[in-house]
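I'll jot down what I look up as I go.

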Amino acid sequence: MKQTTLADIRLIDVPEVHDKRGSLVVIENDTFAFNIERVYYLYDVPTGSKRGGHAHRQLYQLLIPLSGSFDVYLSDGISERTFFLNKPNKALLIVPGIWREISNFSSGSVCLVIASSKYDENDYIRDYDLFLKSKI
Ligand code: T46
């Protein structure tokens, strides 16, 4: 697994167009540092629910709060940091090799995820001790 750290995490301004009718955000395949292969979103998350609880071996992802807000806790096995996402024009870039837990979803929130490859369960590390071992 890539030996990434929290220093590789970025909060990115997404390109947007404003006029008196509102705002429009554009994401194209070359907007970010990876090729887009998959898009999915989390919604209808019950109050108090947590998502994530894993790391990825190869996957790059962008998390965007299309609506509402939530917390994204990240750990590289040494340092940890929590990002509060609540702006649909800010995308959190999560690189491979970072543990994440997503919580405190506000009512009606929607988390858009843009990912660098198709779904592959073999790319997940869902055990925190295994994750720590993978970082040695
Ligand atoms: C992540 C956070 C933000 C699929 O069949 N295809 C998919 O593309 C995905 C993402 C999931 N699934 C299945 C696998 C599980 O049976 O949907 C079920 C729930 O997946 P998971 O428990 O991984 O969901 P989250 O919300 O904990 O995590 C997801 C992503 O898996 C993960 O990459 O970073 O959203």
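**Aromatic rings**

I started with the rings and found that Trp99, Tyr128 and Phe131 form one aromatic cluster. For pairing I take rings of Phe, Tyr and Trp (its six-membered ring) with centres within 6.5 Å; planes under 30 degrees apart are stacked, over 60 edge-to-face, and the rest tilted. I get seven aromatic pairs in the structure. Tyr41 and Tyr43 make a tilted one, with 5.9 Å centre to centre and 50° between the planes.

A note on ground rules: this is a predicted model, so local features need pLDDT of at least 70 and side-chain atom pairs pLDDT 80 or more, while totals for chains, interfaces and linings use all residues. Residues are numbered from 1 along each chain as its sequence is written, and side-chain values use heavy atoms, without hydrogens and water.

**Exposure**

Are Tyr41 and Tyr43 buried or exposed? Tyr41 counts as exposed at 52% relative accessibility, and Tyr43 counts as exposed at 51%. My cut-offs are buried under 20% relative accessible area, exposed over 50%, and partly exposed in between (1.4 Å probe, protein chains only).

**Core**

Of its 27 residues, Ile9, Leu63, Val72, Leu74, Leu92 and Ile94 touch the most other members.

I then followed Leu74, counting contacts as heavy atoms within 4.5 Å. Leaving out residues up to four places away in sequence, Leu74 touches Ile9, Leu92, Ile94 and Trp99, among others.

Technical notes
Core = buried A, V, L, I, M, F, W, Y, C linked by side-chain atoms within 4.5 Å.
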